[in-house]
Each structure stands twice: as C-alpha cells, then as structure tokens.
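I opened the model to look up a few side-chain features. My notes follow the order in which I checked them.

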Amino acid sequence: MSHGDTIPLHSSSQSDIDEIENLIYSNPSTVLPARPPSPPRSAIPVSSSPFMPSNLRPPPPLTSTKTTNYKPTPVPSIPSPPPLPSSGQSNIAATGFGSPPNTLTEPVWDTVKRDLYRIVSNLKLVVFPNPYREDPGKALRDWDLWGPFFFIVFLGLTLSWSASVKKSEVFAVAFALLAAGAVILTLNVLLLGGHIIFFQSLSLLGYCLFPLDVGAFICMLKDNVILKVVVVCVSLAWSSWAAYPFMSTAVNPRRKALALYPVVLMYVSVGFLIIAID
C-alpha cells in the first residue's frame, strides 16, 4: 500500500462525524470562550538576612501603675546543705570512721600533750570519785603505762631523797618492790579467773599508787613520826579504796578476798617503808 492511498471510513463513523459538525455549527453560542490568561504574580523578595522583618506592632510599654502593682512570684529557696565536719584527724578517729591518725609524723609537743592529757584523765577515773568506778572496762578503756611508770619512779625518788644513807639502794628496792608487786598481783587476779587485761591491771595498780606518792612527799617535807603515821594511814585507805571496785568486779564474788588481800598487803608494805626511812 502506498502513502497516497486513503482508507474509507465506516458508514457509522461517518454519520457520527456529521452529527458533531451539525451540533457545532447549529449552536455557535454554546461554545465557551477561551480562558483569559492569569495576571502575572508578584515576585517574592529575596533577602540575605536569615530573619524576615515582622509587620506586627511592638507591645505597648508598661505604665507606672502596672509596674507598681506588679508583684513577682516568690521562688522557694533551696535549703543550704549542712556544713561539712572539720578535716581534723582527731574527729575521724573519735567517731570510728577513717584511718587512725598518724602519730609518727606529728610534732613532739603534740605527743607530749596527748600523753599528759591521757594520764590526767585516767587518774581522775581511777583515784577520784566518778560514775565509771564500778565499771573497770569504761574507767580504763584507754589505759596506758606512762602514768604508772611515772608514779613508781616518783615514789622511789621520794623515798631515796628521804633516806640519809644508801639513797641508790633505797631507790632500787622501792622500784623493784613496786614493779614486781604489780606483776605478781596481776598474775594472781588472772589465775583466779579475773576478766581483765594484763597491762590494764598493771596500769590500774600503778595509778592507785598516787595517794602513796602524795603521802611520801608530805612525809619527806615534815620529819614527824606522828604526822607520818597519820598521813600513811590516810594514803593507804585512799589507795585501797581506789583499787577495790576494779579488783572486786574483775573476779568471782566468792574469790574477792583472795584478789584484794595481796593488793592491800603490798600497799601496807610501801606504807611501812615510808615510815621507816629516816
């Protein structure tokens, strides 16, 4: 088939085309006119600033009446934390928390003051009336041996100064009697089933020598036999009264006399030594 040849339409198709043409030419007013072109749109302004200017009016300023009547809402204050405890090592050690204080690097004067304070405190608890005398665990909880050592040496020196001859021998006898007697009496209490620490008992017996030290010092100043007897008797009663509650509570009540008799015997021996030395 060549390009110039035409294909005839079907009879039904041709009739449809004729009907459409008749409708168009017979009613020309029914054809809608073409839509007019839309007006050109305004161009959107492009600005280099990231913020667009606002057309809203700013709010009016507050008047004086409003400012005076305005009351700000109170804000609840946050309670301040409690103050931290002082960083002293003594407070930490006293409450039982933290490491104990290092006494190797402290000044010598601090060590001397601490030891003197401990001696005075234990002396008050043992020799003088206080509410802790009936409980030896509370009275000598912080026991030491510096106080007993000082009282034994002081009593030996006082007796040697009171002696007219052989001062060194008097000091040696007095020191040996007191030191060995304290050890023997402590072993006696432990063998009787006493509930007391060995060094705690030595500390107790040494602090009970304080009244005898006072009596020996008075007898050294006043060389009078009657005065010596009175002072020694008072000193013996004071020392025995100081040692009684601790030794009696440490052993069984049925063995109380076996624990107290050697203690009183040692103090009586020291008393006779004070009176006899001239």
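Entry on the model. I am working from a predicted model, so I read every value below as computed from it.

Entry on charge pairing. How many salt bridges does the structure hold? I found one. Lys 113 pairs with Asp 110, and their closest N and O atoms lie 3.9 Å apart. I noted that this falls inside the cut-off, because a salt bridge needs the nitrogen within 4 Å of the carboxyl oxygen. I then looked up where the two partners sit. Both belong to helix α4, residues 108-127, and because they are three residues apart there, about one helical turn separates them.

Entry on the exposure of the pair. Are these side chains buried, partly exposed or exposed? Lys 113 is partly exposed at 40% relative accessibility. Asp 110 is also partly exposed, with a relative accessible area of 32%.

Entry on cysteines. I looked for disulfides and the count came to zero. The rule asks for a pair of cysteine sulfur atoms within 2.5 Å. I checked the accessibility of two cysteines as well. Cys 208 is buried at 0% relative accessibility, and Cys 219 is buried at 7%.

Entry on Thr 186. Where is Thr 186 placed? I located Thr 186 in helix α7, which runs over residues 167-191. Its relative accessible area is 0%, so I list Thr 186 as buried. Which residues does Thr 186 touch, leaving out those up to four places away in sequence? I wrote down Phe 198, Ser 201, Leu 202 and Leu 205.

Notes:
Residues are numbered from 1 along each chain as its sequence is written. This is a predicted model: local features need pLDDT of at least 70, side-chain atom pairs count only at pLDDT 80 or more; totals for chains, interfaces and linings use all residues. Side-chain values use heavy atoms; hydrogens and water are left out. A salt bridge is a side-chain nitrogen of Lys or Arg within 4 Å of a carboxyl oxygen of Asp or Glu. Helices (H or I, at least four residues) and strands (E, at least two) are DSSP runs, numbered from the N terminus. Buried means under 20% relative accessible area, exposed over 50%, partly exposed in between (1.4 Å probe, protein chains only). Contact means heavy atoms within 4.5 Å.
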